[in-house]
Amino acid sequence: MKWLRWIPWFAFALGSLVHGQGKERSWTNREGKTIQASYLGGDDRTVTLSSGGRRYVLRLADLSRESQVLAGTLREHNPKNVYQFLERVCLYQEVGDGHKDLRGYAIRWNKSPTLSLFDARKYVKRESFYGYDKAMEQSLASIHGLARQINDALQATKFQLKVVANNDLKADVKVFICTNRAWPNILSKFGYRPVMRRRTRGAMFSYFEQRGVITQAIILLPLQYAGNQPASLSAWEGLALQEICQVLGPANDSPLITESVFNGDKGSLPPKLAPIDKEILEFLYLRVQPGDNRRRFQDTFKEHWDFTR
């Protein structure tokens with residue numbers, strides 16, 4: 001405990017209840033000394049901890065890299081930031097070229113949607129490439145794994161994402177492995193506007209919805225990642241996970257929470273759902289109704305979002 005010491009407050013104002021407040025965690029300084037303390041708050045230079053009934057304000061620079069990351073993660077999960085992130089992800093929509101508009105109401109499926117992987121060569125002849133069959137095989141295995149993650153997050157609800165046989169025209173969500181140049185043809189064949197959206201990794205999604213209920217969706221994923229080396233496959237799975245989650249309703253992204261799969265298009269997307277992602281999916285399908293407006297959405301958040309997890 002001797003390494004805990006008071007430092008100037010730097011005009012730090014202690015916030016309200018945060019994700020993980022009250023739970024003791026291990027904190028280590030740069031000399032390798034570790035204590036158990038609960039997180040109270042922080043900013044970009046300090047972290048405030050509680051241990052043994054006392055409050056300590058520490059410089060982040062005095063902590064180990066792991067403890068600095070922990071402090072940053074917990075700081076992002078304060079109620080105001082979490083709500084802003086949730087609203088951006090669930091109530092805004094991407095409209096192309098990086099622009100985002102407020103839709104103003106929640107969207108989601110009102111049934112368990114089915115998902116099918118499609119062979120783009122059946123619709124665009126020039127999509128025939130060496131190694132495409134292997135890419136399709138690896139993509140299907142990856143999508144099954146991603147669906148298991150999503151269904152685990154939805155287990156408290158009555159909804160599940162069902163992966164069905166390849167090329168099933170009756171599937172609610174159609175996933176194509178293709179190059180960007182195939183987008184217009186594939187989109188138009190299934191009734192979507194053949195618009196080119198600027199996506200940094202060559203992927204996009206679109207959907208139809210009526211009064212907040214998603215009725216069908218399409219996902220176009222790049223060919224170049226699928227079936228390659230582990231690092232490339234991990235990047236492809238992260239991208240695929242984000243696109244699949246977005247056609248379930250959280251159709252936008254935001255940089256406000258770093259660990260989330262909805263964290264924008266910068267950097268590498270995680271191939272696994274973060275705890276906040278699982279909470280978003282459960283919240284949307286357990287507590288939110290299709291078409292809920294901004295006020296209702298905010299009231300539902302205040303009533304049901306659990307900051308004690």
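Okay, let's start with two residues: both Phe283 and Trp305 are buried. Keep in mind that this is a predicted model.

How buried is Phe283? Its relative accessibility is 4%, and since anything under 20% is called buried, Phe283 counts.

Now, how do these two rings sit? Phe283 and Trp305 make an edge-to-face aromatic pair, with 5.4 Å from centre to centre and 75° between the planes. Phe283 is in helix 6, while Trp305 is in the segment after helix 7, so this pair ties together parts that are 22 residues apart in sequence.

By the way, if you're wondering about those two numbers, a pair of aromatic rings is described by the distance of the centres and the angle of the planes.

Let's zoom out for a second. How many aromatic pairs does a search of the whole structure find? It turns up 16. One of them joins Phe283 and Phe297: the centres are 5.7 Å apart and the planes are at 85°, and because an angle over 60 counts as edge-to-face, that's what we call this pair. Phe283 belongs to helix 6, residues 275-286, and Phe297 to helix 7, residues 294-304, so here the pair ties together parts 14 residues apart in sequence. Phe297 is buried too, with a relative accessible area of 0%.

Arg88 has its charged end over the ring of Tyr92, 4.0 Å from the centre. Then there's Arg103, which lies over the face of Tyr105, 5.9 Å from the ring centre.

Definitions and conventions
Residues numbered from 1 in each chain as written. Predicted model: local features only at pLDDT ≥ 70, side-chain atom pairs only at ≥ 80, totals over all residues. Heavy atoms only, no water. Phe/Tyr/Trp six-rings, centres within 6.5 Å; stacked < 30°, edge-to-face > 60°. Helix = DSSP H or I, 4+ residues; strand = E, 2+ residues; numbered from the N terminus. Buried < 20%, exposed > 50% of the residue type's maximum accessible area, 1.4 Å probe, protein only. Lys NZ or Arg CZ within 6 Å of the ring centre and 35° of its normal.
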